[in-house]
Amino acid sequence: MPDRTAFGAYREQVRPEWLDYNGHLNDASYAIVLTRAHELLLEDLGLSAAYRESHGASMFTVEMHLRYLAEVSAGQTLTAATTLVEADRKRLRLHSELYADGVLAATGECLYLHVDTAAGRTVPLPDDRQARVDALRDAHAELARPAHLGLGVGVRP
Amino acid sequence: MTETPGRITTPHEGRLASTWDDAATIDAPLRLHETTAPPEWMDYNDHMSESCFLLAFGDSADAFFRFIGVDEAYRAAGHSLYTSQTHLHHRQEVALGEPLVMTLQLLDLDRRRLHLYHEMRHGETDALIAMAEQLLVHVDTEAGRSVDMPQDLYAHVSAIRQAHAALPQPAVVGHPIAIRHSN
């Protein structure tokens, strides 16, 4: 049974090549950080690069929603708290809070499809992987859902 | 400006903002940036990495900033447009060397915020590859808070919004991420 806490394996220093002209983490680099944090959770579920090799299938990102909350600078330590929000036979939805030196710097949400890489179409997860996904989803079911989940982008009064 | 080796740059960096012409026709949507997928954007699978889609959309946004009057000099004077949110939609993969054309539509605005919609299409087939929605906020960079745009900048974006008012609302706009169940 997985932990009933958010997944927190990700931890690394901000890399110089992720910074922009003013020494802050570039917009696109938040996506790199989010992807790297989520990759660790996918690895934990047996759905990372090794799975692609062994099964000819992979998790494809179809949507990503980032909310930028604070600037991040060189030398800071990045961590993440990731929740498996929702899943079915072919889809996973992950949400992360990204922290820099313990301060919430961004949130990121991704929708993944399980794709047969040769056929180029979605296929159901194999039973053993589905069992791991379901176990993590159940473990995360009681975790608080942030208020911004389920909101799109827009100019709100 | 001191050059930091290895940092992220944009192809429009250092280019002065264009001189705004009130009489000029504004394209709907705007087409301000195109590129060719470079080797450094490829992942181990020889497809473009997810974050590089955002780099490409960011470059298009940077071209947009210079179109409306936000360049290095504008930023140095203490104001900038910061990205508050980005929502990416991926439709197709991109291989090395493929030509990419970006379009930009201004969906909505108020005195401090801009809601943008980007599309990335294949330069030869016109196939839709990816879309991005972005919310930008005009900030006082010294005070670190949002402030109204100056009148001339607001006039420019208002003129663009007017030119884009007749464009159809893209289907993905305003939808949150969700697993939508068919039954």
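## Met131 in chain B

Met131(B) lies in strand β5 (residues 128–140) of chain B, where helices (H or I, at least four residues) and strands (E, at least two) are DSSP runs numbered from the N terminus. This is a predicted model, in which local features need pLDDT of at least 70 and side-chain atom pairs count only at pLDDT 80 or more, while totals for chains, interfaces and linings use all residues. Residues are numbered from 1 along each chain as its sequence is written, and chains are lettered from A and ligands numbered from 1 in the order in which they are written.

With 23 C-beta neighbours inside 10 Å, Met131(B) counts as buried; a residue is buried if 20 or more other C-beta atoms lie within 10 Å of its own, exposed if 12 or fewer, and partly exposed in between, with C-beta atoms placed from the backbone. Leaving out residues up to four places away in sequence, Met131(B) touches His89(B), Tyr117(B), His118(B), Glu119(B), Pro170(B) and Val172(B), a contact being two residues whose C-beta atoms, placed from the backbone, lie within 7 Å. The C-alpha atoms of Met131(B) and Asp71(B), 60 residues apart along the chain, are separated by 25 Å.

Phe53(B), found in helix α1 of chain B, is buried, with 26 other C-beta atoms within 10 Å. Beyond residues up to four places away in sequence, Phe53(B) touches Met48(B), Leu88(B), His90(B), Met120(B) and Ala130(B). The C-alpha atoms of Phe53(B) and Leu88(B) are separated by 8.4 Å, although these residues are 35 apart along the chain.

A nonpolar core is a set of buried Ala, Val, Leu, Ile, Met, Phe, Trp, Tyr and Cys residues joined through C-beta atoms within 7 Å. The largest one has 77 residues, of which Tyr30(A), Ala31(A), Leu98(A), Phe53(B), Ala56(B), Phe64(B) and Leu116(B) touch the most other members. Helix α1 (residues 50–68) of chain B supplies the largest share of this core, 12 residues.

## Helix α1 of chain A

The buried residues of α1(A) include Tyr30(A), Ala31(A), His38(A) and Leu41(A). Among what covers the buried residues of this helix are β2, β3 (77–87), β4 and β5 of chain A, together with α1 and β2 of chain B. Apart from neighbours within four places in sequence, Ala31(A) is in contact with Met64(A), Leu66(A), Glu50(B), Ser51(B) and Leu54(B). Just after α1(A), Gly46(A) takes a positive phi of about 75 degrees.

## Contact between the chains

The contact takes 32 residues from chain A and 32 residues from chain B. On the side of chain A that touches chain B, α1 (27–44), β2 (57–68), β4 (91–100) and β5 (103–116) of chain A each supply at least two residues, and β2(A) gives the most, with 8 residues.

Between the chains, β2(A) and strand β2 (residues 79–90) of chain B pair in the antiparallel sense over 5 bridges, where pairing requires that DSSP finds at least two bridges between two strands. Arg67(A) stands opposite Gln85(B) in β2(B).

## Chain A as a whole

Chain A has 3 helices and 6 strands, and from the N terminus on its elements run β-α-α-β-β-β-β-β-α. The C-alpha trace of chain A spans about 45 × 30 × 30 Å along its principal axes. Buried residues make up 38% of the 157 residues in chain A, and residues 24 or more positions apart account for 70% of the contacts in this chain with a separation of 6 or more.
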